[in-house]
Amino acid sequence: MTAVPTGGPAGDGVTAVLAVVRAGALTTVQDLGRPGYAHLGVPRSGALDLPALRRANGLVGNPAGAAVLETTLMGCAFRLPEGGLVAVTGAAAEVTVAGVPVSRDVAVNVPPGGLVEIGRATAGVRSYVAVAGGIAVAPVLGSRSTDTLSGLGPPRLRNGDLLPLGQPGSADPAAAGEDVAGPDVTWAASAADRLPSPPGAPVAETDAGSSGPASDFDGVIVLPVRLGPRDAWFTPEAVETLLTTAYTISPNSNRVGARLAGAALARAVAGELPSEGVVLGAVQVPADGQPLIFLADHPTTGGYPVIAVVTDVTALAQARPGSTVRFHGPQR
Amino acid sequence: MRIHPVGATALLLECPPAEVEAWRAELWRRRAAGDLTATEIVPGERTVLLDGVATPAEVIAGWAPPPPASDVSVEIISIPIVYDGPDLPTIAALWSMPVPAVISLLTDTEFHVAFCGFSPGFGYLTGLPASRAVPRLASPRTSVPAGSVGLAGRYAGIYPTASPGGWQLVGRTDVALFDVDRDPPALLTPGTVVRLVAA
């Protein structure tokens, strides 16, 4: 058993724990990330599917920025020795509490000692598991997120880990300034979130309409893009190709970036781009011409030209390898 | 200075490399003064990225160019280095001078943190003349110890943590480059003046 250090001095009310039974493929602690340090080379990190994080927290009465578990494809399982209130959002997966199947996207009471199991994702990739009170590991630079690129934050979960939980309803210091959604607000927002998008509609740029039921994960993923800042480094044909052809999500994708396979994008300007700051959703094109879309754990600077920027990467958090992606643009 | 939009919420200011630090400092000052709203101000080799920016590009474009960055009254950070890196002979051959002369050249150079990246606390240090640019290793090392001092292109840098790396290693230091319990967590922040003194 490995106890992860708590956020405050011993005896400040952090008593409950989450006991990891099955850590799964890659289960990490995530919150809203650690913005504000990019100039020091610190990635933003944070949940890949932010709407799902916020919804899970809202369902259990946590501040939107409370830390949750983010699973990858294989789910996870844990016990709550003290019991508690849990909600699972994100990928479609079977969820059981003390052996009883329960719905996703609702708050569920876990009895003391109860086992919570999130099964393999049947659609989408990442589930978000909020426990009332939030995961109370020590914040690092204002965030409890695991950054898989730099190693900042708590390590990925391992079987037998004990994670401290915060007090339900108490203010979360790391989430100061975030709205605490009341139960009524939560249910209203949750219902609205589950409205399906019309077929073929571009991915919404707001929280609503993503990561709801399984049907949202089916079909072609349409990513809204704006060209630039380095589209001039590519041939006009390459820009046209990016905007008109389908790409496939590569199995090499991770929290750093979604790697795409498809038509190579040819450069009009040879040579190295001087290193410059990059943003979430940047479509970077390395030497092989295959685009890579930066996700939460992306490096803060890069030397490959960014042909376009995806303005909402939420759908990529749930994009399985082999999924088809199209870019919707070009807004300049 | 030219401004490129980046997605829906960021701007990339492009300027000659010699003006990057002046613009970075100016944007920092304006943010502190409340003239600029931005989550991140990230310098690069010839750019400054403003991410999470709410100030319109037209407003920023109207700002007068800042005065050149000045070293006057800037604190100089001296980092003690043990110059025993495995690539010193390679550098000596590239620069056509004996190893002690390489070390002297490095210890006599006033470096500036131009920008950070690669990993938390890794500063790209400028100050070497263009004629001293060195290639990266043809095959990167799978593990470079924390505190290793390397050269690549016209930059020097110190690995804050152990990682794979392709820079030519000239020495090492015990100084902590990145400490999450320090404010700021990075020892080398953009604009800092650095000397790599012999330990």
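**Close-up views of the pockets and nonpolar cores**

**View 1. Second largest pocket of the predicted model.** The lining of this pocket takes at least three residues from each of domain 1 (17-175) and domain 2 (221-328) of chain A, with domain bounds from an automatic or database domain assignment. On a 1 Å grid over the protein atoms alone, a pocket is an open set of points where a 1.4 Å probe fits, with protein on both sides within 12 Å along at least five of seven lines; lining residues have an atom within 4 Å of a point. Of its 33 lining residues, A:Arg44, A:Leu50, A:Leu280, A:Thr311 and B:Thr9 lie nearest the centre.

**View 2. Largest pocket.** Both domain 1 (17-175) and domain 2 (221-328) of chain A give residues to the lining, so the largest pocket lies between them. Closest to its centre, among 48 lining residues, are A:Pro299, A:Thr301, A:Gly302, B:Phe118 and B:Tyr124.

**View 3. Largest nonpolar core.** This set of buried (under 20% relative accessible area, 1.4 Å probe, protein chains only) Ala, Val, Leu, Ile, Met, Phe, Trp, Tyr and Cys residues, joined through side-chain atoms within 4.5 Å, has 43 members. A:Leu223, A:Ile293, A:Ile307, A:Leu316 and A:Phe327 have the most contacts inside it. A second, separate core of 28 residues includes B:Leu88 and B:Val194.

**Notes.** Residues are numbered from 1 along each chain as its sequence is written, and chains are lettered from A and ligands numbered from 1 in the order in which they are written. In this predicted model local features need pLDDT of at least 70, side-chain atom pairs count only at pLDDT 80 or more, and totals for chains, interfaces and linings use all residues, while side-chain values use heavy atoms, leaving out hydrogens and water.

Technical notes:
Buried means under 20% relative accessible area, exposed over 50%, partly exposed in between (1.4 Å probe, protein chains only).
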